[in-house]
Amino acid sequence: MRNLIALTACWLAIAAAGAADPAPYAPPLTKMAQANINNIRPSNPQPIGGSGAGAASGTATGAGAPTATGAAKFGAKPAAKAPAAPKLSEREREEQAEAELSAKIAERLAQMRANQAARAAAAAQARKAAAIKAAAPPPRANGTHWGYEGEFGPANWSKINADWAKCSTGNRQSPIDIRDGMKVDLEQITFDYRPSSFNVQDNGHTVQVTMGGGNFLSVGNRMYELVQFHFHRPSEERINGKGFEMVVHLVHKDGEGRLAVLALLLERGKPQPAIQTVWNNLPLEKGDVTAPSIVLDPNDLLPQRRDYYTYMGSLTTPPCTENVLWLVMKEPVQASPAQMALFSRLYPLNSRPIQPASGRIIKESM
Ligand SMILES: [Zn+2]
């Protein structure tokens, strides 16, 4: 083909040069030129103008120009010679197809490389995520439901919620068996209680009475305000191994948030008026809160004698917070069997087991 192209180019160059000569030469040239034009058209396209014809003529003329010029000069009718076109077009299509194929191949290769890179990146990311997941700690326990038996019982409190870890890890936990106390001249607890508004709630763990403000106890140069009191059955604390039928815990807080809990042990005896007031105002539904229009005097709960035991402990329910000052009155408070029976219908058992004293100092009034 290339040879033919070169030859054709040469011929065209010659023909073009011949056209400038006198007419006698024209007829034979015309015939020959026409024949060659027909032959070379297929391979003539652009390249000829650029390389073959251009090189031959020494000019960079357009591809079609020489042919058309030549044909026109020799009276050719290009339009009538259309049948030659398919051969040229075939070559063009061939080259075009080649070019298109090359482009497609290049495009496909680029796409494959891009896909490969994307897959590699995704795999790397997945490996990284897996590594992070493997290194990450297990999800934090954040349950809120706890009780006194089975799966949700005291032995499992620390597993229910990560914030309740002290229930297991603490070494200043309550309640304890109060024994071997150091008998000393303990300072008197000063009570500044008064008849106050209150509300009552069965919170699902106990019956709790929340007090209006203004009730204080003072001990150790600190003044604590009564926040609420509630009941446990049987008593959580023991005295020299002895338990009681129930206990009342009066929870106090000072200005810095320190807690002091006063424990009143309950034994069977005569009816207790303050406890009766609470029972009278018990809501019908768990979770509901009653806000009676009457007042309750916390002084009515206190025993005659004010001797007590004291030690540092914790809340006896989750989160088992430590650094709680415990004040356990030595003299039990009486409540009637009917009053105790009423509570036992709601909470037959809501006491945390005894915790290790772990060598804590216990003091008691002489
Ligand atoms: Zn309590």
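Me: Of the 51 residues in the largest nonpolar core, which touch the most other members?

Reply: A nonpolar core is a set of buried Ala, Val, Leu, Ile, Met, Phe, Trp, Tyr and Cys residues joined through C-beta atoms within 7 Å. A residue counts as buried if 20 or more other C-beta atoms lie within 10 Å of its own, as exposed if 12 or fewer do, and as partly exposed in between, with C-beta atoms placed from the backbone. In this predicted model, L262, A263, L264 and L266 touch the most other members of that core. Strand β10 (residues 259-268) supplies the largest share of this core, 7 residues.

Me: Which residues does L266 touch, not counting residues up to four places away in sequence?

Reply: Two residues are in contact if their C-beta atoms, placed from the backbone, lie within 7 Å. By that criterion L266 touches F244, E245, M246, V247, V248, P332, V333 and A335.

Me: How many bridges join strand β4 to strand β5?

Reply: Strands (E, at least two residues) are DSSP runs numbered from the N terminus, as are helices (H or I, at least four); two strands pair if DSSP finds at least two bridges between them. Here β4 (residues 198-202) and β5 (residues 207-211) run antiparallel and are joined by 5 bridges, with N199 facing T210 as its bridge partner in β5. The hairpin has 4 residues between the strands, and G204 takes a positive phi near 95 degrees. Strand β4 is also joined by 2 bridges to β11 (residues 289-290), again antiparallel, where V289 is the bridge partner of Q201.

Me: Where is G212 found, and is G212 buried or partly exposed?

Reply: G212 lies in the loop between β5 and β6 (216-219). G212 is partly exposed because 15 other C-beta atoms lie within 10 Å. Leaving aside neighbours within four places in sequence, G212 is in contact with S196, S197 and F198.

Me: What is the average pLDDT of the protein?

Reply: pLDDT is the predictor's confidence in each residue, from 0 to 100. The protein averages 82, and 76% of the residues score at least 70. Over residues 1-81 the pLDDT is below 50. Where pLDDT is low, the predicted coordinates should not be read in detail.

How values were computed:
Residues numbered from 1 in each chain as written. Predicted model: local features only at pLDDT ≥ 70, side-chain atom pairs only at ≥ 80, totals over all residues.
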